[in-house]
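Me: I'd like to learn how to read a structure like this one. Can we begin with helices and then turn to the ligand?
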Amino acid sequence: MTEQAMTEQTSRQVAVITGAGSGIGAALCARAAERGMTVVAADIDPERLEAMAAPLTAAGAEVLTAAVDVTDADAVDRLAGTVYDRFGHVSLLVNNAGVESLGRLWQISPAEWRRAMAVNVDGIFHGVRSFVPRMGADPRPSRVVNTTSVGGIGTLAGMGLYGVGKHAAQQLTETLYLECAADFPQVAVSVFCPAHVRSRIFDDVPQKAYNTEAAAHWQGQLREKGMDAAEAARIFFDRIDAGRFWILTHPHVFERIAGGRARLLAERLRPDGEPDR
Ligand SMILES: NC(=O)c1ccc[n+]([C@@H]2O[C@H](COP(=O)([O-])OP(=O)(O)OC[C@H]3O[C@@H](n4cnc5c(N)ncnc54)[C@H](O)[C@@H]3O)[C@@H](O)[C@H]2O)c1
């Protein structure tokens, strides 16, 4: 290997993105590849991964695909080990894999509860525990971004399981920010909080038996009003280039929901926003 190639090899930025086979994760991979980053794309679905990666690889990008279930702590740890053995560095980790779940709280089976919490909360935790100590041991700057949702700011009837997981993910990310600032100042932390982005997230909701209507409603909302995932990825990289904590696809939607929540807590309103009298 020439000296220049070695420099190139060591200086090349590496992005690890979970939930990379579809929607937002796929768009983040495309954008990262466009920026010349080496992309490690992880998803539970190998077919989605290959379909996503093929055009990027054909265009000359370096994209490694890894069929990884983020709910499996050991699998995520093996991924981190493989990435560090091969590249010795991760510049950007995006814990993005997530699943939707619809239904009244009492309609949700224990198995469905575990499924969604395992992806939306445990999945991020597994990424943090396997990658952050390695990123912290590396003096080079890096960044962890966790994908949450405006569902992690407000409260919506019929989306309780998703909301509980996303509120947890938001809290986890804020804690991670404080802990990295204290122990690993070279590891920056951001939260990616999308609102409506076109993806297949509602197509993958499993409980369609009693949620057909709700799933169809939300699918329609995303199709009609959803932002293109490529635009969400553009915003994502603009914000991390600017070194920001908050990455929002729809700041106005976020402000409305966050404002409502702040009022609910500060004025001790009822969950329906009415005075508690
Ligand atoms: N689309 C939106 O409007 C929206 C809004 C707010 C938040 N989000 C969040 O954005 C993230 C990406 O969602 P999306 O909308 O692109 O959905 P998507 O369904 O299109 O993509 C999610 C990907 O995650 C993968 N995945 C699911 N379970 C996994 C697991 N256990 N391990 C690894 N991969 C797994 C799926 O195979 C899929 O490829 C999620 O965290 C979601 O909650 C999306």
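Reply: Helices here are DSSP runs (H or I, at least four residues), numbered from the N terminus. This is a predicted model, where local features need pLDDT of at least 70, side-chain atom pairs count only at pLDDT 80 or more, and totals for chains, interfaces and linings use all residues. Residues are numbered from 1 along each chain as its sequence is written, and side-chain values use heavy atoms, with hydrogens and water left out.

Me: Which hand does the crossing of α2 and α8 have?
Reply: The crossing of α2 and α8 is right-handed.

Me: How do I describe two packed helices?
Reply: You give the angle between their axes and the distance between the axes. Axes are lines fitted to C-alpha atoms, for helices over the stretch in contact, with angles from 0 to 180 degrees between N-to-C directions. In this model, the axes of α2 and α8 (residues 229-241) come within 8 Å and cross at roughly 60 degrees. Therefore α2 is oblique to α8 (under 35 degrees is roughly parallel, over 145 roughly antiparallel, 65 to 115 roughly perpendicular, the rest oblique).

Me: Which helices each supply at least two residues of the shell around the ligand?
Reply: Those are α2 (23-34) and α6 (160-183).

Key
A crossing is left-handed if the near helix is turned anticlockwise from the far one by less than a right angle, and right-handed if clockwise.
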